[in-house]
Amino acid sequence: MINSVDTATNDSKTKFMIAPSILSADFAKLGEEIAAVEKAGADWIHVDVMDGHFVPNLTIGAPVVKSLRPVTKLPLDVHLMIDEPERYVEAFAKAGATYLTIHVEATTKVEATLKQIRELGMKPGITLRPGTPVERIFPFLKWVDLILIMTVEPGFGGQSFMQDQVAKLGALRSELKRIGHTALLEVDGGVTDETAKYLKEADVLVAGSYVFSHKTFKSDYASAIRALKDAK
Ligand code: DX5
Ligand code: ZN
């Protein structure tokens with residue numbers, strides 16, 4: 001079961017929850033960066049895990065998540081951009097991930113992996129590349145607490161928002177209603193106060209460069225987070 005704080009949403013009027021992506025943070029002082037966004041009003045911490053194979057970039061793995069777990073009270077929202085994520089589910093459970101999201105394209109064992117994530121005490125999430133039709137994840141929705149819609153090609157922070165992905169939100173809302181299931185809708189990639197205006201159906205917005213390297217706000221993370229929340 002997911003707790004009331006995380007599920008008190010799912011309608012277009014409630015303000016967005018904001019999950020700063022640490023991919024754009026200063027990795028030399030990650031603990032301080034996380035403490036700063038927590039103080040600035042972040043709701044979750046988004047952790048992008050890349051394997052240099054599923055996506056053409058390498059980032060961090062379970063040992064870093066383990067080090068971050070004691071640094072913050074916020075949920076750790078771990079986005080796995082790795083092939084065969086089932087190989088690492090146990091490691092991320094031990095490390096203290098709260099949400100563990102896998103790509104539908106990354107494994108032939110989607111349902112089993114989602115079930116394993118839940119059995120190990122985490123909240124399962126599913127996501128898809130922009131080029132993957134939304135219907136491809138429909139068979140798995142009943143197993144997840146979180147659905148992540150990618151509005152950039154996974155791999156890098158700071159890319160431009162893909163407007164043509166927005167329709168997936170409505171399609172997912174309808175499908176969830178049809179099957180009578182509740183899950184949070186999260187959007188990741190190119191999120192700004194401008195693009196957030198198209199995302200009112202979402203519950204959670206991931207934002208990397210907008211929070212950590214905003215041209216005007218600079219290290220005023222509270223203003224950046226507030227601007228995103230106010231977009232709904
Ligand atoms: C991209 C990652 C994103 C990324 C978002 O593969 O999944 O979480 O950090 O960065 P921005 O918000 O800068 O597009
Ligand atoms: Zn991400």
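Two strands count as paired if DSSP finds at least two bridges between them. Strands themselves (E, at least two residues) and helices (H or I, at least four) are DSSP runs, numbered from the N terminus. With that in hand, Met17 stands opposite Val204 in strand 8, and strand 1 and strand 8 pair in the parallel sense over 4 bridges.

A word on the ground rules. This is a predicted model, where local features need pLDDT of at least 70, side-chain atom pairs count only at pLDDT 80 or more, and totals for chains, interfaces and linings use all residues. Residues are numbered from 1 along each chain as its sequence is written, chains are lettered from A and ligands numbered from 1 in the order in which they are written, and side-chain values use heavy atoms, with hydrogens and water left out.

Now for the sheet. In general, strands of a sheet pair through backbone hydrogen bonds, either parallel or antiparallel. Here, 8 strands make an open sheet with parallel pairing, in the order 1-8-7-6-5-4-3-2. Strand 1 (17-20) and strand 2 (45-50) sit at the edges, each pairing on one side only. From one strand to the next, the twist averages 25°; axes are lines fitted to C-alpha atoms, for helices over the stretch in contact, and angles run from 0 to 180 degrees between N-to-C directions. Helix 5 (residues 110-119) packs on the sheet, where it touches strand 4 and strand 5, and its direction makes about 150° with that of strand 5. Contact here means heavy atoms within 4.5 Å.

Buried means under 20% relative accessible area, exposed means over 50%, and partly exposed is in between (1.4 Å probe, protein chains only). Helix 8 (residues 221-229) is mostly covered too, with 7 of its 9 residues buried. Among the elements covering those buried residues are strand 1, helix 2 (30-39), strand 8 (204-207) and helix 7 (209-212).

Further into the sheet, strand 4 (residues 99-103) and strand 5 (residues 123-128) run parallel and are joined by 5 bridges. His103 is found in strand 4, opposite Thr127 in strand 5. His103 is buried, with a relative accessible area of 0%. Residues that His103 touches, not counting those up to four places away in sequence, include Phe54, Leu80, Met150 and Pro154. The side chain of His103 also makes a polar contact with the side chain of His79 (3.1 Å). A polar contact is a pair of N or O atoms within 3.5 Å; within protein, one must be able to donate a hydrogen and the other to accept it, and residues adjacent in sequence count only if both atoms are side-chain atoms.

Then there is ligand 1. A polar side-chain atom of Ser209 lies 2.5 Å from an oxygen atom of ligand 1, and a backbone N or O atom of Gly155 lies 2.7 Å from an oxygen atom of this ligand. For His46, an N or O atom in the side chain is 3.4 Å from a ligand 1 oxygen atom.

Finally, a look at the loops. Most residues other than glycine have a negative phi. Glu84, in the loop between strand 3 (76-81) and helix 4 (89-95), has a positive phi near 45° and is partly exposed, at 42% relative accessible area.
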